[in-house]
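The sequence and structure come first.

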Amino acid sequence: MQTKVLLGMLWGLACCGIAQAELIRVGPTGPVRTLAEAARVAHDGDIVELPPGELRGEVAVWTQASLTIRGAKDGTTLIADGQAAEGKGIFVVRGGTMLIEGITFTGARVGDQNGAGIRLEAGALTVKGCRFIDNQNGILTSNNKTVSLVIENSEFSHNGAGDGQSHNLYVGEIARLEVSGSYFRQARVGHLLKSRARVNLITYNRLTDEVNGQASYELEFPAGGRAMVIGNLIQQAATTENPNIVAYGAEGYKYPDNELILAYNTLVDDRSSGGNFLKIAPGSVRVVAVNNLLVGGKGAFEGLPAEAKLVNNLALGRDAFANPANYDYRLRVNAASRLKAPLPEDAALAPLNEYVYPVGMRALSGPPRLPGAFQSVGK
């Protein structure tokens with residue numbers, strides 16, 4: 001009886017003309033030879049698979065309601081080579097629910113200095129295991145308030161046009177941004193991560209400007225909104241011109257709810273003249289900073305509202321850490337034995353993972369016991 005019912009259902013689907021998802025392989029010897037052609041023929045629910053190696057001048061606009069675009073297991077690199085979809089970037093995404101994974105985007109440049117590896121204009125996009133290298137913007141979004149962006153286990157390096165208006169990651173006034181397990185470094189004059197999203201969840205990442213870095217802010221939320229920053233290593237280079245590491249509300253508060261939470265982060269200021277670990281613009285904002293480690297410089301938390309909640313934010317010297325010269329900011333055994341991190345009243349602020357270099361994260365085996373971004377201990 002069950003077999004007959006199943007066969008009847010399958011027959012009904014076939015009769016109704018409901019299409020099955022297809023795997024579209026892009027390559028020089030197959031029926032679909034270019035990305036632009038794949039974007040034209042792909043249907044909702046399909047998987048577009050790219051060939052290994054380098055693809056030069058291959059750009060595309062994706063408008064499907066649902067789609068997966070993935071690189072080859074051996075790696076796929078898209079080199080703009082002077083081309084830009086709609087004059088915007090290598091990929092323009094203007095669809096529904098999309099997943100892009102395992103692709104390197106490099107060389108996106110256009111006349112207005114906003115060439116992006118990915119330009120996100122509409123939909124809900126998830127980016128996994130991708131690299132954005134040497135573009136004017138790694139990812140640039142619209143100000144579409146229905147858009148959401150999730151980034152996991154990805155790398156953003158040496159993006160920016162050098163004008164201070166383009167960034168490793170540049171997020172407009174969208175609904176939500178989530179970034180985890182990712183590595184941001186050495187933006188060209190712009191920020192490592194800039195977001196005007198209404199809700200931001202930035203967890204278990206490394207944002208480090210490193211030797212000779214010229215990035216401005218490492219992390220900025222210029223429009224306010226809700227920002228939860230947990231378990232990140234955030235480092236400012238000695239050569240930056242901007243004294244602020246994390247900035248909030250610099251353009252005014254554009255949302256009814258404005259809240260910044262910093263919990264279990266390691267903030268490193270390598271400027272000899274010092275700066276601010278955190279700068280808050282005047283306005284109605286709730287600030288909570290719990291169990292953060294503050295390293296180097298002469299910095300402070302500037303502009304805090306009178307009712308800000310500060311718990312166990314500790315200043316430590318570099319000798320407390322395993323290998324600061326190589327950005328290994330795990331606590332040494334002797335330092336870790338002296339420190340405790342009281343669990344926050346709000347359990348949602350306690351980390352569940354920790355960042356793993358260069359991209360990724362590992363689950364913690366139990367509740368956090370140490371302040372800062374890392375629960376594992378170095379020698």
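Which residue of strand 23 does Leu219 stand opposite? Leu219 stands opposite Val246. The model is predicted: local features need pLDDT of at least 70 and side-chain atom pairs count only at pLDDT 80 or more, while totals for chains, interfaces and linings use all residues. Residues are numbered from 1 along each chain as its sequence is written, and side-chain values use heavy atoms, with hydrogens and water left out.

Confidence comes next. pLDDT is the predictor's confidence in each residue, from 0 to 100. Its mean over the protein is 94, and 95% of the residues reach 70 or more. Over residues 1-15 the pLDDT is below 50, and this stretch has one contact (heavy atoms within 4.5 Å) in the model beyond near neighbours in sequence. Where pLDDT is low, the predicted coordinates should not be read in detail.

Strands (E, at least two residues) are DSSP runs, numbered from the N terminus. Two of them pair if DSSP finds at least two bridges between them.

| Strands | Direction | Bridges |
|---|---|---|
| Strand 20 (residues 219-221) and strand 23 | parallel | three bridges |
| Strand 23 and strand 26 (residues 276-280) | parallel | four bridges |
| Strand 7 and strand 9 | parallel | 10 bridges |
| Strand 9 and strand 11 (residues 137-141) | parallel | four bridges |
| Strand 9 and strand 12 (residues 148-152) | parallel | five bridges |

Strand 23 (residues 244-248) is largely enclosed by the rest of the structure, because five of its five residues are buried. Buried means under 20% relative accessible area, with a 1.4 Å probe and protein chains only. On the side of strand 26, Ala247 has Lys279 as its bridge partner.

Strand 9 (residues 116-128) is mostly covered, with 10 of its 13 residues buried. Its Leu120 stands opposite Val93. Arg119 has Leu140 of strand 11 as its bridge partner, and Leu125 is partnered by Leu149 in strand 12.

A nonpolar core is a set of buried Ala, Val, Leu, Ile, Met, Phe, Trp, Tyr and Cys residues joined through side-chain atoms within 4.5 Å. The largest has 71 residues, of which Trp62, Phe91 and Leu149 touch the most other members. Strand 7 (residues 89-101) gives the most to this core, with six residues. Not counting residues up to four places away in sequence, Phe91 touches residues including Leu35, Trp62, Ile100, Phe105 and Arg119. Another core, of 17 residues, lies apart from the largest one; Leu293, Ala335, Ala336 and Leu370 are among its members.

Key:
Buried < 20%, exposed > 50% of the residue type's maximum accessible area, 1.4 Å probe, protein only.
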